[in-house]
Amino acid sequence: METTQTASPMVDRSAFQRDLLVAIRDDPGASGRSLGQQLEQYYDSVTNPRLYQNLSELEAAGLVNKTASDDRSNAYRLTDDGRDALDADLTWRGDGEGDA
């Protein structure tokens, strides 16, 4: 009997983007700066261009919602599609964090 392993639900996303989605899930409404600081624990360098380009790509993909939190900062939250994709990906990876 042959089994077929399907691709990750987020096959088109980079590891950085997946980690960014986890950070947003764990800190809904966080600013880009706060998210960048969180990711610096795992990545050597999180530059503003890298961070905001990836946030923009996630927003364009419908996985993240950006709203103004004040005159200078935006707040980021997962959309329902973003939460579903992240949960499915974590379940696929066997991390046991799906449906969190």
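Guide: Here is a walk through the core, then the sheet, and then the salt bridges.

Please keep in mind that this is a predicted model. To get your bearings, look for four helices and three strands. If you follow the chain along its sequence, these elements come in the pattern α-β-α-α-β-β-α. The protein has 100 residues, and 34% of them count as buried.

Now to the part you asked for. The largest nonpolar core is made of 22 residues. Those with the most contacts inside this core include Leu20, Leu21 and Ile24, and Leu35, Leu55, Val64 and Leu86 belong to that group too. Where do the core residues come from? At least two are supplied by each of these elements: helix H1 (15–26), helix H2 (32–39), helix H3 (48–60), strand E3 (74–78) and helix H4 (80–93). Helix H1 gives the most, with six residues.

Leaving aside residues up to four places away in sequence, Leu55 touches Leu20, Ile24, Gly32, Leu35 and Tyr76. If you find these on the numbered ranges, Leu20 and Ile24 fall in H1, Gly32 and Leu35 in H2, and Tyr76 in E3, while Leu55 itself falls in H3. For the protein as a whole, take the contacts between residues at least 6 apart in sequence: 52% of these join residues at least 24 apart.

Next comes the sheet. Its three strands lie in the order E1-E3-E2, forming an open sheet with antiparallel pairing. Strand E1 (30–31) and strand E2 (64–68) are at the edges with a single partner strand each, so one side of each has no neighbour in the sheet. E2 and E3 run antiparallel and are joined by five bridges. To see this pairing for yourself, find Asn65, which stands opposite Arg77 in E3.

Let us now turn to the charged side chains.

Start with Asp26 and Arg25, whose closest N and O atoms are 2.9 Å apart.

Move on to Glu59 and Lys66, where the closest N and O atoms of the salt bridge are 4.0 Å apart. Glu59 is partly exposed, with a relative accessible area of 29%, and Lys66 is also partly exposed, at 35%.

Finish with Asp89 and Arg93, whose side chains meet in a salt bridge of 2.8 Å, N to O. Both residues sit in helix H4, and because they are four residues apart there, about one helical turn separates them. Asp89 counts as buried, since its relative accessibility is 1%, whereas Arg93 is partly exposed, with a relative accessible area of 35%.

Terms used:
Residues numbered from 1 in each chain as written. Predicted model: local features only at pLDDT ≥ 70, side-chain atom pairs only at ≥ 80, totals over all residues. Heavy atoms only, no water. Core = buried A, V, L, I, M, F, W, Y, C linked by side-chain atoms within 4.5 Å. Buried < 20%, exposed > 50% of the residue type's maximum accessible area, 1.4 Å probe, protein only. Contact = heavy atoms within 4.5 Å. Pairing = 2+ DSSP bridges.
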